[in-house]
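Visitor: Hello! I have not looked at this structure before. Could you show me how to read it, one feature at a time?

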Amino acid sequence: MTSPDVHALGGAYAIDAVDDLERASFDRHLAECEACTIEVAEYREAASRLAEGAWSVPPPRMREQVLARAAATPQLPAPGSRRGGASPVRRWRRLAAAAAVVGVLGIGSAATTYVVQEQRVSAERTAVAAAQQRADRIQAVLAAPDAALRAGDLSGGGRVTVVVSDTEDAGVVVLADAPPPGPDRAYQLWVVDDSRPISVGLLPAGQAQATELIQGVRGRAAFAVSLEPAGGSPQPSTTPLVAIPFA
Amino acid sequence: MTDPDVGSRGRGTSPGSALPRPERAEIDGLLRAVARGDDASFARLYDLLSPRVFGLARRVLRDPAQAEEMAQEVLVEVWRTANRFDPERGSGLSWVLTIAHRRTVDRVRSEQSSTDRMQKVAAASAQIPYDEVADQVGSRLERQQVRRCLDDLTELQREAITMAYYGGHTYREVSTLLDIALPTVKTRMRDGLIRLRDCLSIEVTR
């Protein structure tokens, strides 16, 4: 995916003015370009001074909240370390600290607080883990050696970009600049096998912009997008807005 | 806005930022301590970082409540991933603000369709974003310096960078909003950052 003008993207990349696919492509470029890595670090350093202009003091309550959340959040192990997270002793110490902070805020008895805190932390962890898993899968597809990028314009306006990897048997679809479908219509994503469409994703009704992970692309002939009633259809009920052959 | 000694554009004519920045060095040290799980260092780090992270989120999101939520998320992420900070790749402050900017921009983009955002910005583009930047630039020496350096950019470089950085726009959106060819926007962003970097005497060595 490296193109001759990839260097020119360094500035936009450093200030997050690129879309997800360009970012992934530039990440790969950086992995093999030491000079670019330094250049981007310098751009970011310069951009970070712009943030000084936005300096604004947050509400005081935020301090306790952040410190309590941090105390209940396990840290990533050092790169290369085989230790899986914080030691049990440290973890207990942190949970105790979290409970203590919440206790200071005066919500119920210490025991109740601790239980509530634990439940919240556990729910948060589950949500974070799911989001992380999805992000990892997307990253795996984008970084796959056989990842191939294809793009097409929707007949009603907008553009769809698809990166598929056979080895990952998955793809990443980015839909952008498409017209909003209205509250009772939804964009649906398909892969086509011997001209038989299989649904691989459905956007929420009314949504016109998405980054979706799709599964089961291996051996399929094409990818397509259609506009369907909210909730989706078992088979496309309208002519596809775009069809992109994989071959 | 025009100091006599910054009239000419070009490297070396603008005052550099050879300023010793004790806070910057302190942030680096605190991040290393936080990476070892030191809660007290994290509390101190919070005090140094929170106005910057919150301020940036607030500027980009334009909503204090959302900005607070975002700042919390970013600061907890700093605690969680402090081990990933590599001083050889830049300052700790830059590392944190890169995380903050990226997440905030992702939030803006996921919440509003790009058309909405572009219409909103197009409608307001007369007064933003540079004036806002300039207005908020206060008395701190570093801010004055950043402002001088921003003044030293061409108008197009400045607009392209501030629309992306404070507005969360992609270069494609900037291209549409300013009605300028895509490659030109890319180049202006890069050239502008190079000029800003040189003006601020930033160097990352490995």
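Guide: Gladly! Let us begin with helices and strands: both are DSSP runs numbered from the N terminus, a helix being H or I with at least four residues and a strand being E with at least two. By that rule, chain A has six helices and eight strands. This is a predicted model, in which local features need pLDDT of at least 70, side-chain atom pairs count only at pLDDT 80 or more, and totals for chains, interfaces and linings use all residues. Residues are numbered from 1 along each chain as its sequence is written, chains are lettered from A and ligands numbered from 1 in the order in which they are written, and side-chain values use heavy atoms, with hydrogens and water left out.

Visitor: In what order do the elements of chain A run from the N terminus on?

Guide: They run α-α-α-α-α-α-β-β-β-β-β-β-β-β. Chain B has 10 helices and zero strands.

Visitor: What share of the residues is buried in chain A?

Guide: Buried means under 20% relative accessible area, exposed means over 50%, and partly exposed lies in between, using a 1.4 Å probe and protein chains only. In chain A, 43% of the 247 residues are buried. For chain B, 54% of its 206 residues count as buried.

Visitor: How do I read a sheet?

Guide: Strands of a sheet pair through backbone hydrogen bonds, either parallel or antiparallel. Two strands count as paired if DSSP finds at least two bridges between them. Here, four strands of chain A form an open sheet in the order S1-S2-S3-S6, with antiparallel pairing. Strand S1 (148-153) and strand S6 (210-215) of chain A each have a single partner strand, so they stand at the edges with one side lacking a neighbour in the sheet. On average, neighbouring strands of this sheet are turned by 20° against each other, direction ignored; the axes behind such angles are lines fitted to C-alpha atoms, for helices over the stretch in contact, and angles run from 0 to 180 degrees between N-to-C directions.

Visitor: How many bridges link S1(A) and S2(A)?

Guide: Six bridges, in the antiparallel sense. One pair to look for is Asp153(A), which stands opposite Arg159(A) in S2(A). The hairpin of these two strands has five residues between them, and there Gly157(A) takes a positive phi near 105°. Moving on, strand S2 (residues 159-165) and strand S3 (residues 170-176) of chain A run antiparallel and are joined by seven bridges. Val160(A) has Leu175(A) in S3(A) as its bridge partner.

Visitor: What can one residue tell me, say Thr81(B)?

Guide: Thr81(B) is in helix H3 (residues 64-81) of chain B. With 8% relative accessibility, Thr81(B) counts as buried. Leaving aside neighbours within four places in sequence, Thr81(B) is in contact with Leu76(A), Trp95(B) and Ile99(B).

Visitor: Is Arg62(B) buried, exposed or partly exposed?

Guide: Partly exposed, with a relative accessible area of 48%. Arg62(B) sits in the loop between helix H2 (39-61) and H3 of chain B. In sequence, Arg62(B) and Gly167(B) are 105 residues apart, yet C-alpha to C-alpha they are 9.5 Å apart in space.

Visitor: How many residues of helix H8 of chain B are buried?

Guide: Eight of the 11 residues in H8 (residues 155-165) of chain B are buried, so this helix is mostly covered. Among them are Ile161(B), Met163(B) and Tyr165(B).

Methods. Contact = heavy atoms within 4.5 Å.
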